[in-house]
Amino acid sequence: MRIIHKDEIKEPVGDFIQYEKVRIKNLVPDGAKDMVQNSSFPLQYLIDKANGISFNKGCYVGQEVVNRMSRQEIFRRKLYLVEGDNTLPDIGTKVTNENNEEIGELRSSVDNIGLALLNTGKSHANLYAGGVRCVKTLKS
C-alpha cells in the first residue's frame, strides 16, 4: 500500500486510479514505471523534492554524483506535469514540440494528465504526445 499525504489523512484514500491521479498531479514518480533502470538520474525525477534523497546523512552508493548534480541546479532533462486535450498515450510515447523536435517522452499517465521527462534546453511550446496536443503545467 502507498499513501501520499501532507498532513493527517481525514478521509478514505480511494481506488488505484484516484491514487495515480494524485501521484501524477503532485509530480511523484513511480520508480518501477517512470524510471529506466541504469539510466535514470534521481534528481531529474524530483526524488529530492519528495524527501527521497538526503544530502546530510551518511555515505550511500552514488553520493558523490548526486551531490555534484544537485549543485548544478540545471538538468538536461527533467520531469514535468503535462495535460492533454484527450487521453494521453502509453508510457514511452515520444513528446515533440511545435518544431516537430523530439524533446522527451511520456511516463505515467491517467486519462489526460501525465508525467513527461522533457529536455530542458528545447522549446516546450505546443507539445504533442502520440498525436495528442498537451501543455506543460507550471509545476516542475
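Tutor: Two strands are said to pair if DSSP finds at least two bridges between them; strands (E, at least two residues) and helices (H or I, at least four) are DSSP runs, numbered from the N terminus. The structure is a predicted model, in which local features need pLDDT of at least 70 and side-chain atom pairs count only at pLDDT 80 or more, while totals for chains, interfaces and linings use all residues. Residues are numbered from 1 along each chain as its sequence is written, and side-chain values use heavy atoms, with hydrogens and water left out.

Student: What makes β5 and β6 a pair?

Tutor: Strand β5 (residues 127–129) and β6 are joined by 3 bridges in the antiparallel sense. Because at least two are required, the two strands pair. Leu127 has Cys134 in β6 as its bridge partner. In the hairpin of β5 and β6, 2 residues lie between the strands, and Gly130 has a positive phi near 60°.

Student: Which strand does β1 pair with over 7 bridges, and in which sense?

Tutor: β1 pairs with β4, in the antiparallel sense. Within this pairing, Glu83 stands opposite Ile113 in β4. β1 also pairs with strand β6 (residues 132–136), antiparallel, over 3 bridges, and Val82 has Lys136 in β6 as its bridge partner.

Student: How do you know that β3 pairs with β4?

Tutor: The two strands run antiparallel and are joined by 5 bridges; the requirement is at least two, so they pair. Val110 has Ile113 in β4 as its bridge partner. These strands form a hairpin with 2 residues between them, and Asp111 in the turn has a positive phi of about 55°.

Student: What do the strands form, and in what order?

Tutor: 6 strands close into a barrel, in the order β1-β4-β3-β2-β5-β6, with antiparallel pairing. From one strand to the next, the twist averages 40°. Helix α1 (residues 16–25) packs on the sheet and touches β1 (77–84), β3 and β4 (113–119); its direction makes about 145° with that of β3. Such axes are lines fitted to C-alpha atoms, for helices over the stretch in contact, and the angles run from 0 to 180 degrees between N-to-C directions.

Student: Why is Thr96 called buried?

Tutor: Buried means under 20% relative accessible area, exposed over 50%, and partly exposed in between (1.4 Å probe, protein chains only). Thr96 has a relative accessible area of 18%, so it is buried. Thr96 belongs to strand β2 (residues 94–96) and stands opposite Glu102 in β3. With neighbours within four places in sequence left aside, its contacts (heavy atoms within 4.5 Å) include Ile103, Asn126 and Tyr128.

Student: Is Gly92 buried or exposed, or in between?

Tutor: Gly92 has a relative accessible area of 29%, and is therefore partly exposed. Gly92 lies in the loop between β1 and β2. Beyond four places in sequence, Gly92 is in contact with Glu105, Leu106 and Arg107. Gly92 and Asp34 are 58 residues apart in sequence, with a C-alpha to C-alpha distance of 9.1 Å.

Student: Why is Val36 called partly exposed?

Tutor: The relative accessible area of Val36 is 38%, so the residue is partly exposed. Val36 is in the loop between α2 (31–34) and α3, and touches Tyr45 and Arg107, residues up to four places away in sequence not being counted.

Student: What makes up the largest nonpolar core?

Tutor: A nonpolar core is a set of buried Ala, Val, Leu, Ile, Met, Phe, Trp, Tyr and Cys residues joined through side-chain atoms within 4.5 Å. The largest has 12 residues in all, among them Tyr80, Val95, Ile103, Leu118 and Cys134. β1, β3, β4, β5 and β6 each give two or more residues to this core. Apart from it lies another core, of 10 residues, among them Leu27, Leu79, Leu81 and Leu115. In soluble globular proteins, nonpolar side chains tend to be buried together.

Student: Where in the chain is confidence lowest, and where highest?

Tutor: The score is pLDDT, the predictor's confidence in each residue, from 0 to 100. Confidence is lowest in helix α3 (residues 63–72), at a mean of 62, and highest in β2, at 95. The chain averages 79, and 66% of the residues score at least 70. Where pLDDT is low, the predicted coordinates should not be read in detail.
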